[in-house]
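Hi,

Here is the structure I promised to pass on. Have a look at it first, and my notes follow below.

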Amino acid sequence: MNRFWKKLGLRKPDEMERFILFRAQRNAYLFLVAALLCWSLYESCRVYIHHTRLNLLPCLLLGAAALIQSFSQMALTRNAVKDDEDSCETGPLARMVVLACAAAGVLAAAVTAVAILGVRV
């Protein structure tokens, strides 16, 4: 890992800098999730009040953000305990496979819904 930082001409961040970076990224992620949730609720209220078409973009972005966060957390957990002999943690791999299958199912359902709406319109 040190070679990576040396190639970039940077020094490896210390623990405090990594903690600050982690907190900043977490705050940005929470802001984005909150903004997408508010946008989804706004679109839902607009559809309910004005009887217009639903904009699925904020809902899809919110779902994608949750899927990516869950998948990356499971992958990092699996990588952290991969070489630990005391840990018999095989759950993250199984959960990652189930999550990938669920994501593929949701994507297939979304594509099918878009295709059916396209044919009907």
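Keep in mind that this is a predicted model.

I started with helix α2, which covers residues 15–50. Just past the end of α2, His 51 takes a positive phi of about 55°.

Which residues of α2 are buried? They are Leu 36, Ser 40 and Glu 43. Part of what covers them is α3, residues 57–81.

Glu 43 is the one I'd click on. Its relative accessibility is 5%, and buried means under 20%, so Glu 43 counts as buried. Its side chain makes a polar contact of 3.0 Å with the side chain of Arg 46. Beyond its neighbours within four places in sequence, Glu 43 is in contact with Leu 54, Asn 55 and Pro 58.

Now the pockets. The largest has a volume of about 250 Å³, and α2 gives the most to its lining, with seven residues. Among the lining residues are Arg 18, Phe 22, Tyr 29 and Gln 69. The lining splits into three nonpolar, two polar and three charged residues.

The second largest pocket holds about 180 Å³ of space. Its lining includes Cys 59, Gly 63, Leu 67, Val 106 and Ala 110. Both α3 and α4 (91–120) give two or more residues to that lining, with α3 giving the most, five.

Cheers

Conventions. Residues are numbered from 1 along each chain as its sequence is written. This is a predicted model: local features need pLDDT of at least 70, side-chain atom pairs count only at pLDDT 80 or more; totals for chains, interfaces and linings use all residues. Side-chain values use heavy atoms; hydrogens and water are left out. Helices (H or I, at least four residues) and strands (E, at least two) are DSSP runs, numbered from the N terminus. The expected span of a helix is 1.5 Å times one less than its number of residues. Buried means under 20% relative accessible area, exposed over 50%, partly exposed in between (1.4 Å probe, protein chains only). Contact means heavy atoms within 4.5 Å. A polar contact is a pair of N or O atoms within 3.5 Å; within protein, one must be able to donate a hydrogen and the other to accept it, and residues adjacent in sequence count only if both atoms are side-chain atoms. On a 1 Å grid over the protein atoms alone, a cavity is a set of points where a 1.4 Å probe fits but cannot get out, and a pocket is an open set with protein on both sides within 12 Å along at least five of seven lines; lining residues have an atom within 4 Å of a point. Grid points are joined across faces, edges and corners, and a volume is the space filled by probe spheres set on the points. Ala, Val, Leu, Ile, Met, Phe, Trp, Tyr, Cys and Pro count as nonpolar, Asp, Glu, Lys and Arg as charged, and the others, Gly among them, as polar.
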